Amino acid sequence: MIDTSAYMVRISQASPAGLVVINFELILDFLNEALESAGEREIFRQHLQKAKEGIEQLIQSLDFEVPVSQTFYDIYSYCYKLLCDVQFSTDSEAACSAVKEVQEYMEKLLEGWRETAEKSNLEPTAEATEDTPKVYTGLTYGRDGQANEYIDENKDRGYMA
């Protein structure tokens, strides 16, 4: 069973590249669940459907202004088609074989995206470092035990009109 609460916490704190990594991990989890439930056709189909939805998200997130996006699109589309072909197949051996093939593609792509996510977390973007004020927020507790929210609002945001 997939622990969705752990994924929800990670999603709330992830960078854009980190979100792609999480999507790949979810797809792989659903593919693993499908393989584990290969004997139960309906559960198998449900897990494949969830994996397909994850691949659809990957396809929708592509920016075709970037040249490598077409290559990713071809791989994602191929994997999606494989899952579509076997989702309602009665040959469970062929279906499992196709799912394993998709798993291999997803695992290889996940490795690359993990490296990208690590690099993007280590190197701050220029937008985040140039002329941007730091905002501090937090909670303090008063004498009466009540939490008091504090936000340092710097009125000089560095913008000139």
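Predicted model: local features only at pLDDT ≥ 70, side-chain atom pairs only at ≥ 80, totals over all residues.
Which residues in α2 meet which residues in α3?

1. Residues are numbered from 1 along each chain as its sequence is written, and side-chain values use heavy atoms, with hydrogens and water left out.

2. Helix α2 covers residues 16-36 and helix α3 covers residues 41-60; their axes come within 8 Å and cross at roughly 160 degrees. That makes α2 roughly antiparallel to α3. The crossing is left-handed. Helices here are DSSP runs (H or I, at least four residues), numbered from the N terminus. Axes are lines fitted to C-alpha atoms, for helices over the stretch in contact, and angles run from 0 to 180 degrees between N-to-C directions. Angles over 145 degrees count as roughly antiparallel. Left-handed means that the near helix is turned anticlockwise from the far one by less than a right angle.

3. On the α2 side, the residues that meet α3 are V20, N23, F24, I27, F30, L31, E33 and A34. On the α3 side they are F44, H47, L48, K50, A51, G54, I55, Q57 and L58. The residues of this contact divide into 11 nonpolar, four polar and two charged. Contact means heavy atoms within 4.5 Å. Ala, Val, Leu, Ile, Met, Phe, Trp, Tyr, Cys and Pro count as nonpolar, Asp, Glu, Lys and Arg as charged, and the others, Gly among them, as polar.

4. The structure holds five aromatic pairs. One of them joins F72 and W113, with 6.0 Å from centre to centre and 40 degrees between the planes, and is tilted. F72 is in helix α4 (residues 69-87) and W113 in helix α5 (residues 92-122), 41 residues apart, and the pair links distant parts of the chain. Rings of Phe, Tyr and Trp (its six-membered ring) pair if their centres lie within 6.5 Å; planes under 30 degrees apart count as stacked, over 60 as edge-to-face and the rest as tilted. F72 counts as buried because its relative accessibility is 18%. Buried means under 20% relative accessible area, exposed over 50%, and partly exposed in between (1.4 Å probe, protein chains only).

5. The rings of Y78 and Y105 have their centres 5.8 Å apart and their planes at 75 degrees, so this pair is edge-to-face. Y78 lies in helix α4 and Y105 in helix α5, so the pair ties together parts that are 27 residues apart in sequence. Y78 is partly exposed at 37% relative accessibility, and Y105 is partly exposed at 32%. Elsewhere, F24, F72, Y76 and W113 form one aromatic cluster.

6. H47 is found in helix α3 and is buried, at 16% relative accessible area. Leaving out residues up to four places away in sequence, H47 touches F30, E33, A34 and S37. S37 has its place in the loop between α2 and α3. It is buried, at 8%, and with the same exclusion of residues up to four places away it touches I43, F44 and H47.

7. S69 is in helix α4 and is buried, with a relative accessible area of 5%. Not counting residues up to four places away in sequence, S69 touches L62, D63 and F64. S69 and I59 are 10 residues apart in sequence and 9.1 Å apart in space, C-alpha to C-alpha.

Terms used
Helix = DSSP H or I, 4+ residues; strand = E, 2+ residues; numbered from the N terminus. Parallel < 35°, antiparallel > 145°, perpendicular 65-115°, else oblique.
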